[in-house]
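Subject: Handover of a structure for your review

Dear colleague,

Please find the structure below, followed by a summary of what was found in it.

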There are 2 protein chains.
Amino acid sequence: MRAIQVGLIGWGTVGCGVIQVLLDNAQVIESRLGVPVRLKRVADLDLERSRPVKVSRDLLTDRVEDILDDPDIDIVIELIGGTGVAKNVIVQALEKKKYVVTANKALLAHAGNELFRVARDNGLAIGFEASVAGGIPFIKALREGLAANQVETVYGILNGTANYILTRMTEEGLTFSDALRGAQEKGYAEADPALDIEGTDTAHKLAITSAISFGTQIQFDKVYTEGLSRIDPLDVKFGEEFGYQLKLLAIARRSGDGIEMRVHPTLIPKDHVLASVREAYNAVYVHGNAVGNIMLYGMGAGMMPTGSAVVSDLIDIARDILGGTPGRIPALSFLPDRLRDIPIKPITDITTCYYFRFAAVDRPGVLSKVAGILGANNISIAAVIQKGRQMEGAVPIVMVTHKALEKNVRLALQEIDRLDVVLAPTQLIRMENQETGILY
Amino acid sequence: MRAIQVGLIGWGTVGCGVIQVLLDNAQVIESRLGVPVRLKRVADLDLERSRPVKVSRDLLTDRVEDILDDPDIDIVIELIGGTGVAKNVIVQALEKKKYVVTANKALLAHAGNELFRVARDNGLAIGFEASVAGGIPFIKALREGLAANQVETVYGILNGTANYILTRMTEEGLTFSDALRGAQEKGYAEADPALDIEGTDTAHKLAITSAISFGTQIQFDKVYTEGLSRIDPLDVKFGEEFGYQLKLLAIARRSGDGIEMRVHPTLIPKDHVLASVREAYNAVYVHGNAVGNIMLYGMGAGMMPTGSAVVSDLIDIARDILGGTPGRIPALSFLPDRLRDIPIKPITDITTCYYFRFAAVDRPGVLSKVAGILGANNISIAAVIQKGRQMEGAVPIVMVTHKALEKNVRLALQEIDRLDVVLAPTQLIRMENQETGILY
C-alpha cells in the first residue's frame, strides 16, 4: 500500500481544476484505485497571483527542478502551455523516469510524435485526454472503447468559444464581432482570440484526433484551416433557409486512399444531433465501420471539466504503475511500428457540397451567367435562393450544390468573381449532408 | 508473439456481429494489440439455421465443453442470453481460468454481484461493455474516463425499440400499438416485445449503470419500472404544447443520502440535447461533479454495434492478459471492499415535477375541485391546459406541477380519481427540467 505522488507544473486555471478535483474527490479516487493520489508539489513562476484554489505554502515552488528532481514523484502534470518550456519540461520528466500528463494540444500537434517516442524509449507514457475535447473521454473512447473499429470519419466541434459565438449568431442574429465581444465578456474568449476563432486550436486537436483515428503520425502542418471571422449573419440566415446550421467543424475522413483533415465553417443539417450542440459545448461524432455513428458531448474546456480529464489520466497511469504495465495503450492507438503512412489530401482534391453567396448586380441574365460557369466546371446546383434583400448595393444569389471537386469550385469562383456583374468575392461555405457521406 | 484465442458460445445475431468484426477488422485489431485475436471455436445448439455470417465447419460445435475444456482458449464470449444456462457457462469458464465477455444484461442485473466475485476469486475479469448501451463505450467512460468524478446523475435512453416507438408517436402522431407494429415490421421489436416496452430491459441496464456510477452492489430488484403501453398520443401532444418531449428514461441519481433508480416515461424539455436522440439510437447523459454534463450517443443494439463493444472488450482483456494485469479495473468501478451500502429510495419518496391528464366532466367548478385537492396535498401547479378536445365524453384537463413528493401525488390522485366528475384514472407522467435538477 503506497500513494501515487504527483507534481504539477503550471498553476493556472486548469491547474486549479486539477487541485480541486484531487481535493473534492480524494475518497472516490482512492476507492477506485486502492491507493491515494497525492499532490506533492506545485510549481509556477508566479506564486503570488490570486487564484480560485488555494495550495498549502509548503507544496509551492517556483523551480521546476523541485518537481523534476524529486525521486518520490511518479507523475508530472504539465500545464504550462505553449511549445517551448513545456516541451523541455516533458522531455526532462520522461528522462527522469516520470510519467507525464498534459493538456497541451498545441505542443502535441507540433511535437507529439517526438514526445511519444521519448516516452516509449524511457518505458513510460504520456496521458493527454485533456488535450482534445476537454472533459469528454474521447481519447479513451477512440483508443480503447472503439478499438474494434476502423474509424472512417470524425466530425468534431472542438472549440467552445467558436461554438458559443456561432450559437449567438444563430440564435440572436448577432454579427461575428458582436458575438465575439459577448464571448469575451463572458470570459470564454481570450483578449487575443485568434487561436479559437481562426480555427488553429481546433486544428491542433484535429491533428491529434486524426492520427489516433487512422493510425498515422501526427501531421499538424497538413491540416487545412479556415476560421470564423469571414462569416456574415446573412450566411447563417440563408443556411437556415436551406435547412442547415453553421458550425466550426473539424473533419477527419478516410477518403479513397487518402485522409482529409480540415477545419472550416460547415453547414450541417439542422435536425442532425450535432446541430443540437449549443453554447460552449464540444462534441465529436465518429463513424466506425462496426459501431456505426457515435457521438460524445460535453464541456471541452474550463477548470473543472479539464481537471476531470487530467485526473482520470492520473488514475489510468496510476493503474499502469501499480500493475507494472507502462504504455499499456499505444499513444496513437496503433503500435508504433504499425503506424501507417497514408497521404493527406490537399484541400483542392476534396469532393463535397458547397454553399455559395454571390454578390450580384440586380440585372437579368446574371443567374444564367453564374450557373453557366458552374456547369462548365462540373458543378451541379441543388437549390437556389434569390431574393430582393439588399447587400451593399448588390443582390445576394445563394446556391447550394451537389457534390463537386474543390479544384473545380475554385476555378469556377475565380471566373465568376471576375464578372463585372459580380461586385464582391463570392462567399464559399462547405456543407455536410447525406450526399457527402455518412453524417447520419 | 502469440495469438489471443477466443471461443464464442451462442451463434445468434450478436454472435454474427462479433465474427464479422473479427474478420473485417483483423488487421487494425492486430495493429493496436500486437497479436491477433483468433476465433477458435463457435458453439451453438443449432448449427443448421441460416445466418448472415458464415463460419468454417471445423470451428463449429454443438457442445459448450469443446470451448470450456479447450486449454488454448483464453476468453469465452457468452452470447446465449437469459439467466439459466448462460450463468452456468460463465461460472464454468471462470473456474476453468478463462476470461469472459458477455452482452447479457439480464444475467448481470440478476447475478452480476455473484459472477464478478467468481471472476475475482479466479484472478480473472468479465467484460460487459455490450450489456449497457450496446456499441457506446459507456462502461469504459464511467469506470475509467470519468473516474475522477463523483457521478451525481445518469439519464439513459437505453432501449432502441422503445425510443423508436416514441419517435414514431412523436413525429407521426401514431398510437402506441401502431408504432409498436411498425417497430415489429422493421425488425426492431421481438414478437413478444414486453422486455423492451415495459421497461424491463432498460431496468436491467439501469441496475448495472447505477452500481458503477455510485459504487454499490447491483440491486435490480430495487429499480422502479414503468413501461410505455399506457401512453396515449394525447400525452405526446400535450407534452409538446408544454415544450416537452416524451422519452423512456432510466434515471440513476444521488439524492440526499439515498439513490433513486427508476425507469419510466419521462417528459424532458424539447430543446435538450437528449430530446434530439431519435429513432433506435441510445444515449446516456451523465452529470459528474467535476466534468459537468456529458452525453454519449450511439446505437444501443444491432449486430455490428454490439459486435463492436464485444470485440473492444476482447482487446481490453487481451491487453490485460499480455500485461499480466487481470481485473485491472474493478468490475463495479470501486474496489470490491470499498463498495458502499447506500439506501435505494422507494418511488414514493422521490420529489419531481409531474404531468397530469385528468378525464373530467365538462362542468363548472371541476378545475377548482381538482386544484383544491392538489393544493391540500402540497402540490403546486405550474401550468394548465384545458381545451374542448374530446376524450371519450370527458374533457382533458392537463397540468404540469412544480416539484412535489410522489407520496403526496399518489394520495391526491387517489382522491381526485374518486370524484364523480372524473371519469377515468388520471394519467401521471414524471418530468425532468431545470427545476428537478441538473438535466442542463
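Helices (H or I, at least four residues) and strands (E, at least two) are taken as DSSP runs and numbered from the N terminus. The model is a predicted one: local features need pLDDT of at least 70 and side-chain atom pairs count only at pLDDT 80 or more, while totals for chains, interfaces and linings use all residues. Residues are numbered from 1 along each chain as its sequence is written, and chains are lettered from A and ligands numbered from 1 in the order in which they are written.

I begin with a backbone feature. Ala133(B) lies in the loop between β6 (126–127) and α6 (138–145) of chain B. Although Ala133(B) is not a glycine, its phi is positive, at about 65 degrees. Ala133(B) is buried, with 30 C-beta neighbours inside 10 Å; the term requires 20 or more other C-beta atoms within 10 Å of a residue's own, the C-beta atoms being placed from the backbone. In chain A, Ala133(A) is found in the loop between β6 (126–127) and α6 (138–145), has a positive phi near 65 degrees, and is buried with 30 other C-beta atoms within 10 Å.

Next, the helix packing in chain B. The axes (lines fitted to C-alpha atoms over the stretch in contact, with angles from 0 to 180 degrees between N-to-C directions) of α7 (residues 160–172) and α8 (residues 176–185) of chain B are 9 Å apart, at an angle of about 125 degrees. That makes α7(B) oblique to α8(B), the class left after under 35 degrees (roughly parallel), over 145 (roughly antiparallel) and 65 to 115 (roughly perpendicular). In contact here (C-beta atoms, placed from the backbone, within 7 Å) are, among others, Ile165(B) of α7(B) and Phe176(B) of α8(B).

Helices α1 (residues 13–24) and α12 (residues 303–323) of chain B have axes that come within 7 Å and cross at roughly 65 degrees. α1(B) is therefore roughly perpendicular to α12(B). Residues that meet there include Val14(B) and Val18(B) from α1(B), and Met304(B) and Val310(B) from α12(B).

Neighbours within four places in sequence aside, Ile165(A) is in contact with Phe176(A), Ala179(A), Leu180(A), Ala183(A), Ile197(A) and Leu228(A).

With kind regards

Note on methods: Contact = placed C-beta atoms within 7 Å. Buried ≥ 20, exposed ≤ 12 C-beta atoms within 10 Å, placed from the backbone.
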